[in-house]
Amino acid sequence: MNFYTLKFEDEKLILLDQTQLPGKEVYLDLTDYRDIIEAIKMLRVRGAPAIGVAAAYGCVVACQNADDFEEMMKYLEEIRIARPTAVNLAWAVDQMKDIANSNKEKSLDQIRELFLEKAQQIHKDDEEMCRKMGENGAELIKDGMSILTHCNAGALATAGMGTALAVIYAAARQGKKIKVYADETRPLLQGARLTTWELMQENIDVTLNTDNMAASLMQKGMIDCVIVGADRVTKNFDVVNKIGTYGVAVLAKHHNIPFYVAIPWSTYDENTPAGEDVEIEMRDPEEVTNWSGVRTAPEGVNVYSPAFDVTPHELVTAIITDTGIVYPNKK
Ligand code: MRU
């Protein structure tokens with residue numbers, strides 16, 4: 001890859017600002033935890049695993065910014081609730097809180113060192129999980145397959161090669177010829193802006209389609225399987241992912257096309273029984289009524305804009321993880 005999604009250097013978190021892609025490749029240097037929260041909320045950094053890693057480094061920055069232990073814990077909680085749906089965010093911050101609570105007697109400088117060590121571990125583990133997911137998932141991909149994906153579950157969404165796209169990269173590295181169809185992914189166009197951008201950089205054959213073209217592609221026999229990522233997979237293997245994923249899963253079922261979900265185990269939430277128990281983030285209506293500063297709907301119109309939806313596990317053929325492949329519906 002000739003870009004990186006995020007790194008921590010010289011007391012700052014450096015992020016590729018994904019809101020400016022594909023037009024501009026701008027890296028932001030963040031030294032205030034509030035700017036990291038803003039970056040997470042505005043999707044400058046996005047995708048469940050990448051948010052988890054950014055939040056872990058965000059805790060290091062929060063510790064640098066705080067004057068005392070209580071203040072630091074307050075900052076950590078602010079980071080934890082920046083976005084509610086991707087479990088990796090709370091998962092990463094909770095690990096930092098545990099470290100802080102068991103080292104209360106230490107100075108903030110010492111706690112910061114422990115935070116940094118943990119954040120670097122979370123970062124490294126994420127890279128490694130992406131690599132393993134890719135290898136495990138590549139088994140399911142045959143030479144010549146056409147694969148539909150939704151949103152961006154690639155390197156831009158993780159600290160490594162991605163989740164869904166890691167499978168595609170691994171299969172391509174094995175010499176398999178693969179064609180990818182990327183759903184544009186309204187309203188924020190993660191598919192059009194990000195998935196196509198990163199796949200083209202890696203010379204993967206990618207074709208962009210608007211979300212409402214997926215049905216027709218399947219009807220014409222042009223899709224062999226679907227692979228997506230997830231923001232959270234609940235105990236019963238329901239999949240919470242970018243809005244529109246559920247529709248793709250229903251279409252795949254109707255056309256008898258395998259529907260695969262690739263996740264690191266950090267995205268599995270065994271404490272939440274089912275998809276209906278997950279808080280779904282609602283986004284600013286302006287993301288639907290405006291594009292690039294231009295209004296595309298009448299002033300005052302009502303808008304429904306959840307960021308994610310729930311795909312019931314019955315529609316999931318297999319879940320590809322870093323430790324192997326899980327078949328949620330096999331008895
Ligand atoms: O709102 P976003 O762009 O953060 O949503 C991202 C997704 O829905 C991804 O598919 C998911 O996080 C998996 S990324 C490996």
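Which residue in E16 is the bridge partner of Ile320? Let's work our way there from the whole chain down, keeping in mind that what you're looking at is a predicted model.

Start with the parts list: the chain has ten helices and 16 strands. Its radius of gyration is 19 Å, close to the 20 Å that the globule rule gives for 331 residues, so the chain is as compact as a globular protein of that length. If you boxed up the C-alpha atoms along the principal axes, you'd need roughly 65 × 50 × 40 Å.

Of the 331 residues, 57% count as buried. The chain still exposes about 14300 Å², and carbon and sulfur atoms supply 49% of that area.

How does the chain meet itself? Take the contacts between residues at least 6 apart in sequence: 75% of them join residues at least 24 apart.

Next, zoom in on a sheet. Strands of a sheet pair through backbone hydrogen bonds, either parallel or antiparallel. Here, an open sheet of seven strands runs in the order E6-E5-E4-E7-E10-E15-E16, and its pairing is mixed. Its edges are strand E6 (205-209) and strand E16 (325-326), each of which pairs on one side only.

That brings us to the E16 end. Strand E15, covering residues 318-320, is joined to E16 by two bridges, and the two strands run antiparallel. And there's the answer to the opening question: Ile320 has Ile325 as its bridge partner in E16.

Definitions and conventions:
Residues are numbered from 1 along each chain as its sequence is written. This is a predicted model: local features need pLDDT of at least 70, side-chain atom pairs count only at pLDDT 80 or more; totals for chains, interfaces and linings use all residues. Side-chain values use heavy atoms; hydrogens and water are left out. Helices (H or I, at least four residues) and strands (E, at least two) are DSSP runs, numbered from the N terminus. The radius of gyration is taken over C-alpha atoms; the globule rule is 2.2 Å times the number of residues to the power 0.38. Buried means under 20% relative accessible area, exposed over 50%, partly exposed in between (1.4 Å probe, protein chains only). Contact means heavy atoms within 4.5 Å. Accessible areas come from the Shrake-Rupley method with a 1.4 Å probe; for residues, only the protein chains shown count as cover. Two strands pair if DSSP finds at least two bridges between them.
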